[in-house]
Each structure stands twice: as structure tokens, then as C-alpha cells.
Amino acid sequence: MRINTFEEYEIAYKKSVEDPEGFWGEVAQKFEWKKPWTKVLDWNFEEPNVKWFVGGKMNITENLLDRHVRERPNQPAIVWEPNDKDDESVTLTYKVLHERVSRFANVLKSHGVEKGDRICIYMPMIPELAIAVLACARIGAIHSVVFGGFSAKSIADRVNDANCKMVITTDGAYRGKKKLPMKETVDDALIGCPMVEKVIVATRTRTPISMIKGRDYWWEEEVKKVSADCPATEMDSEDPLFILYTSGSTGKPKGVVHTCGGYMVYTTYTFTNVFQYNPGDVYFCTADIGWITGHSYIIYGPLAAGATSVLFEGVPTYPDAGRFWDIVERHKVNIFYTAPTAIRSLMGFGKEFWENKDLSSLKVLGSVGEPINEEAWHWYNENIGKGNCTICDSWWQTETGGIMISPLANITPTKPTFATLPLPGIQPELVDENGEVIEGNGVNGNLVIKFPWPSIIRTTWGDHDRCKQVYFSTYPNRYFTGDGCMRDEDGYYRITGRVDDVINVSGHRIGTAEVEDALNSHTGVIESAVVGYPHEIKGQGIFAYIIMESLLHDEDLTKRDILATVTRIIGPIAKPDEILFVSGLPKTRSGKIMRRILRKVAEGDTSNLGDISTLLDPSVVDEIVEKVSLK
Ligand code: PRX
């Protein structure tokens with residue numbers, strides 16, 4: 001399973017393409033199965049229908065916990081670093097984590113949760129979040145973690161879509177200097193969610209909250225009532241493990257479904273190989289568990305590999321911009337995984353925040369979520385890695401479950417801004433608009449994958465046809481990533497960004513349609529169009545063009561109201577960075593908004609807007625250009 005040299009990578013890659021079943025069958029042997037599979041892979045991309053380790057029975061938590069409790073009970077599994085630097089960090093060994101997960105799994109059972117039930121988890125980055133996730137997995141309940149920054153409405157939409165019967169939350173959350181409500185937000189959400197029978201509340205801030213008799217229960221009291229012994233429920237390899245909602249170019253966020261067996265095998269395999277994890281290494285991923293990176297590379301991959309995973313509650317700039325590096329120093333972190341947006345924001349602060357910190361424990365530096373620009377790559381390499389660490393620019397997606405294209409640390413020769421080469425099992429192709437495969441090197445195209453890997457998306461919850469339409473119909477028999485990509489002369493891959501209407505803001509995926517829906521629900525808004533534009537820190541910012549009926553208040557106040565509406569409907573991450581009030585939008589005669597023009601204007605490039613003669617009313621473009629120049 002472990003690749004140690006570039007030559008071994010080449011051998012593994014070749015085998016994975018020539019004999020995928022043999023290859024993954026061998027990798028999967030390393031895990032504990034209650035019953036072996038009868039067939040490694042069954043698939044077609046038409047329906048799509050992908051099944052890995054068919055007929056195999058297992059429970060992922062036995063592989064994450066029980067196995068390690070036998071072999072390394074006292075090794076730290078999770079090291080929790082609280083928001084406040086002066087607060088003590090908390091270590092949960094594999095033995096303790098196993099006990100807490102089992103106990104909480106029994107709490108879930110005692111409240112009527114059964115295999116296959118959906119549970120919404122809305123929590124800050126505290127150990128109870130990881131415990132709640134694993135407790136669901138222990139008894140076969142399907143977790144749907146909702147990022148703690150989402151609004152009540154976003155929670156309600158997700159709870160309704162998955163028909164969740166329980167929500168697990170906290171009273172409040174600490175984020176830097178701020179104290180934020182959690183239970184209160186859940187309470188607002190639940191007004192529209194009659195199917196939720198129970199809410200379990202863990203204490204964090206001890207903020208006063210309402211507790212409704214018969215529905216709301218304190219975590220700390222419930223765990224006292226149950227035993228710490230909870231046998232793991234037998235799961236089929238293809239039983240759903242979790243749902244995670246993500247944005248697409250159209251409509252509401254969709255619930256990406258991952259299943260137990262393949263996801264376990266792939267996240268562990270990639271964690272071990274990409275980061276070249278060695279027993280005893282301390283690993284710190286700065287993502288939030290509310291996103292796929294946190295699922296796959298804070299919880300599942302690292303714990304399955306028996307690693308020590310650092311869980312950080314706070315933000316990179318609190319109490320100051322040296323916080324990540326303090327954590328690296330304090331816990332002697334060997335492998336560090338973050339997003340380019342964090343790197344760019346920290347680069348802007350003075351040397352004093354990193355120069356005198358002991359970062360000598362670092363061996364591997366990962367990057368994920370968005371393209372990493374040259375400047376950030378070099379800064380990361382020189383100032384944090386001191387030129388001694390591999391920068392693993394890892395490309396993947398919520399739908400892929402695990403890392404797809406990335407260097408293997410200290411093995412694959414790197415090149416700034418390149419995700420380099422596909423991992424074993426991954427068969428990327430570049431295609432043109434007509435779906436023709438672009439062969440050779442030194443080419444650009446849309447990135448597709450032509451063969452399944454174990455953690456590929458299985459379906460979108462409650463709407464299989466949507467999964468088919470979005471990912472498997474644009475290019476028949478191919479999984480379409482939605483990303484543009486170049487393959488250079490050496491065959492190295494560089495992701496150039498989304499080719500659809502998805503904006504990547506600070507590594508978070510936001511659909512333009514979602515933001516437009518939120519904007520359009522603001523009183524007086526007639527129509528809006530949202531595009532992404534390059535943003536120095538966030539990678540991309542959100543630019544909104546809005547047609548208003550009339551302005552009741554002054555422009556600034558109205559903009560602030562609009563931002564409040566978006567925050568209320570989606571959450572602060574979807575707030576536009578720029579708003580421009582216009583009297584019309586550039587539309588074709590068939591009524592389609594020409595986003596190309598809006599993107600150019602938002603980028604500040606108004607010199608060459610291309611052909612606008614097909615527009616219904618080309619004069620709107622003049623107005624927009626003029627307004628932008630006056631800003
Ligand atoms: O556009 C790609 C970008 O993030 C998208 C996936 O977002 P999400 O599902 O939220 O998952 C993010 C974390 C895995 C992709 O379609 N992306 C992700 N990693 C990279 C990237 N773009 C360039 N380089 C990367 N390393």
C-alpha cells in the first residue's frame with residue numbers, strides 16, 4: 001500500500017490502470033472486513049452505478065478506532081487546540097476516543113436513531129464534532145455535517161432535503177474574538193423542520209439558550225446515562241456513510257453521497273501516500289470538518305491510518321497572524337495542510353509572525369481548495385518550509401471524496417502551481433467542448449476522469465438523475481469535474497479553475513445561482529447576476545450586478561441591507577464583495593445573460609469585451625462600463 005520511491009509510484013500507477021480490481025483489492029486487504037467482498041468493482045457511468053468491494057461487510061469505525069485501540073491505545077488520535085491560545089489543548093488517545101464515540105453512539109441509539117437515519121451535525125471545531133460524526137458511523141446513521149457558518153435557512157434546507165430526524169449542535173461557538181450562536185440558529189432553522197424529533201446540545205460557550213422539553217437534551221447529561229460499550233453495526237460496503245452538501249452551477253446545493261467501503265480505502269490510501277505519513281507523525285489540517293477536506297483528511301483518512309490529527313477551533317489570525325505557526329511549534333507538527341487563501345492572507349503580515357517560530361518539525365506542506373498562485377507557492381515553500389518540505393498541491397473535490405492529482409511528498413518532483421501527476425487509480429483526460437479527447441502534452445481542456453476510483457460520488461441524495469446530469473452527461477462515459485486544466489510538456493497537470501458558474505471564494509464553493517436567488521429575495525431587487533473575479537486574498541471574489549426597482553435609502557445603506565439578506569439566507573461566506581446597481585443586464589435575444597461580459601467588467605478589463613452585437617440592447621454595456629469606471 002505504501003509507495004516509497006518514484007519508481008514504485010510508476011509501477012503502482014501502471015498496475016492501477018491495467019488491473020484496477022487487482023490493485024484496489026490488494027489495498028483493501030489491509031483493512032478489517034467483517035465479511036469479504038465477492039467482486040472488487042461493478043460499474044457503469046451511464047446510470048451511473050458504481051459499486052466497490054461488492055458484498056463486503058465492515059464498519060469504518062472499527063478500522064479507525066478498534067484496530068488502533070488494540071495496537072496503539074495510548075497514542076493521541078486527536079489533539080484539540082482551542083480557540084484561545086492560553087487555554088490548555090486536549091488530547092484524546094485512541095482508547096479515549098473509542099470510548100467517547102461508543103458512549104455517544106449509545107446516546108443516539110437511546111434516542112431512537114437507527115441504521116440509515118440521517119443526522120444533521122451543526123457544530124464548531126471541538127472534539128465533540130468528530131465524536132458525533134464517528135458515533136453516527138458506528139451505528140450506521142448517515143451524517144450530514146453543515147458548516148457552522150451557514151444560516152438557519154441553509155440548515156433548514158439541508159435538514160429537509162435529507163429528512164433528518166435529529167440535529168446535534170452546541171450552545172454557541174468561539175471564533176477568534178467572536179462568540180457566535182449555534183443552538184439559537186438551529187432553533188430558527190427547526191421552525192421549518194417538523195421531522196426533527198430530537199436535538200442534542202453540547203456545551204461550549206454556556207450561552208443562555210432555550211431547551212425544549214422532550215426535544216432538546218444536553219450532551220453531557222445524556223452520555224452519563226449510557227454504557228461505553230457499543231458494538232459497531234455491520235455495514236455493507238456500499239451503504240451510505242455520509243451526505244455533504246455542495247454548490248453547483250444551478251439550483252440548490254446538492255447532497256453528495258459517499259459510501260463506507262470505497263471511501264475508507266481511498267482516503268486512507270491517499271492520506272498515507274500523498275503526505276508520506278509515518279507512524280508517530282503529527283498531522284495538522286486547518287480545514288473545517290464542515291467541508292470535505294475536514295471529513296476526509298481530519299477525521300477519516302488520518303484516523304484510519306492511525307495518525308495523530310490536530311483539530312483547531314480558532315482562526316489563523318487570532319490572537320495574531322502567527323497562530324498556525326504557534327500550533328506547529330507547540331505540537332511539533334510534521335505534516336501541515338491548508339488552503340492558498342490562508343497562505344495569501346498570512347503572507348501579508350510581518351515576518352515577526354513566523355520568523356522566530358520553531359518550524360523545524362515540518363516535513364510536508366499541503367495545499368488544497370483552489371489554485372495556488374506562484375507568489376503564495378514560493379512564500380509557503382521558503383518561509384514556512386525553509387526549502388526543506390514538499391509542497392503538495394492537491395487537487396480534488398467534494399465529489400471525488402479524496403485527493404486525485406497531487407505530488408507524493410518527497411517523491412514526485414514538484415513544480416510551482418502544478419498539482420503534478422494523478423494518483424494511482426486516477427485516469428484523467430482533457431477534452432474539448434465537443435467532447436473530443438485532447439491527446440499529447442502542452443495542451444489545455446476540460447478535466448474529466450474516465451474510470452471510477454473507490455471514493456467517487458455515488459449519487460446526489462434523493463435525486464439520482466441530478467447526479468447523472470451534472471457529472472456524467474456532459475461527456476458520455478466520463479466523470480466531468482467542472483474544472484479547466486492544462487497538461488504541460490512534462491505531462492504535469494495544473495488546474496486552471498472552474499469552467500462552470502461556480503465561484504471559489506477562499507476555497508469555498510459557491511454557486512452563482514444560489515447567490516442570485518438570495519439577492520432576488522431582497523425587497524426591491526428586480527434581477528441580479530453574479531460572477532466571480534480575481535481577488536488578491538480570497539482567490540475569487542463575488543461581484544453582483546443588481547437591478548433595483550428604486551432606491552428607498554442611499555446606495556450604501558441599501559447595499560448593507562442586501563448583504564444582510566444574503567447573510568440571513570445563505571451565510572456570511574456568500575456575501576458579495578462588490579455590488580453594482582445597474583438598470584439593465586447584457587442579455588442575448590433569447591434572454592440569456594452574457595456572463596462573459598460581466599466577468600470581464602468585474603475583472604476590470606473593459607477594453608476588449610468581444611462581440612456584443614448579438615445583445616438585445618448593447619447600450620446596457622456602456623452604462624455598466626461607465627458605472628464601474630466611476631466607482
Ligand atoms: O475548482 C477546483 C477547486 O475546488 C473545487 C472543489 O471544491 P470542493 O468540492 O469544495 O472541495 C475543495 C477541497 C477538496 C475544484 O473543482 N480546487 C480544489 N483543489 C484545488 C482546486 N483548484 C486548483 N488546485 C487545487 N489544488
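Visitor: Where is the place of Pro319?
Guide: This is a predicted model. Take the two elements β17 (308-312) and α11 (323-331). Pro319 has its place in the loop between β17 and α11.

Visitor: Is the peptide bond from Tyr318 to Pro319 cis or trans?
Guide: Most peptide bonds are trans. The bond from Tyr318 to Pro319 has omega near 0°. That bond is cis.

Visitor: What is omega for the peptide bond from Glu47 to Pro48, and where is Pro48?
Guide: Pro48 sits in the loop between β1 (39-44) and β2 (49-54). The bond from Glu47 to Pro48 is cis. Its omega is near -15°.

Visitor: Is the phi of Asn163 positive or negative?
Guide: Asn163 lies in the loop between α6 and β8 (166-170). Most residues other than glycine have a negative phi. Asn163 is not a glycine, yet its phi of about 55° is positive.

Visitor: How is the protein divided into domains?
Guide: One part runs over residues 6-485 and the other over 506-630. Between their centres, taken over C-alpha atoms, lie 33 Å. The parts are domain 1 (6-485) and domain 2 (506-630).

Visitor: Which element gives the most to the side of domain 1 that touches domain 2?
Guide: The contact between the domains takes 19 residues from domain 1 and 18 residues from domain 2. On the domain 1 side, α6 (152-162) and α12 (340-347) are the elements that give two or more residues. With four residues, the one that gives the most is α12.

Visitor: By class, how many residues on that side of domain 1 are polar?
Guide: The side of domain 1 that touches domain 2 has four nonpolar and three charged residues. Its polar residues number twelve.

Visitor: How are helices α9 and α10 set against each other?
Guide: α9 covers residues 260-274. The axes of α9 and α10 come within 8 Å and cross at roughly 90°. Therefore α9 is, relative to α10, roughly perpendicular.

Visitor: How many charged residues has the contact of α9 with α10?
Guide: From α9 come residues including Tyr263, Met264 and Phe271; from α10, among them, Tyr297, Tyr300 and Pro302. By class, the contact has seven nonpolar and five polar residues. The charged count is no residues.

Visitor: Which residues come nearest to the ligand?
Guide: There are 23 residues around the ligand. Elements that give two or more residues to this shell are α10 (292-304), β20 (390-394), β24 (479-487) and β25 (493-498). By class, the shell has eight nonpolar, ten polar and five charged residues. Nearest come Pro371, Trp395, Gln397, Thr398 and Ile495.

Visitor: How far apart are the end C-alpha atoms of residues 514-592?
Guide: UniProt lists these residues for "domain: AMP-binding enzyme C-terminal", in an unreviewed entry. The chain here is 28% helix and 32% strand. The end C-alpha atoms are apart by 17 Å.

Visitor: What is the helix content of residues 9-63?
Guide: The UniProt annotation "domain: Acetyl-coenzyme A synthetase N-terminal", from an unreviewed entry, covers this span. Its end C-alpha atoms lie 25 Å apart, and 25% of the span is strand. The helix content is 42%.

Notes: Residues numbered from 1 in each chain as written. Predicted model: local features only at pLDDT ≥ 70, side-chain atom pairs only at ≥ 80, totals over all residues. Near = placed C-beta within 6 Å. Nonpolar A, V, L, I, M, F, W, Y, C, P; charged D, E, K, R; others polar. Domains from an automatic or database assignment. Contact = placed C-beta atoms within 7 Å. Axes fitted to C-alpha atoms, helices over the stretch in contact; angles between N-to-C directions. Parallel < 35°, antiparallel > 145°, perpendicular 65-115°, else oblique. UniProt positions renumbered as here; feature names shortened; annotations may be inferred.
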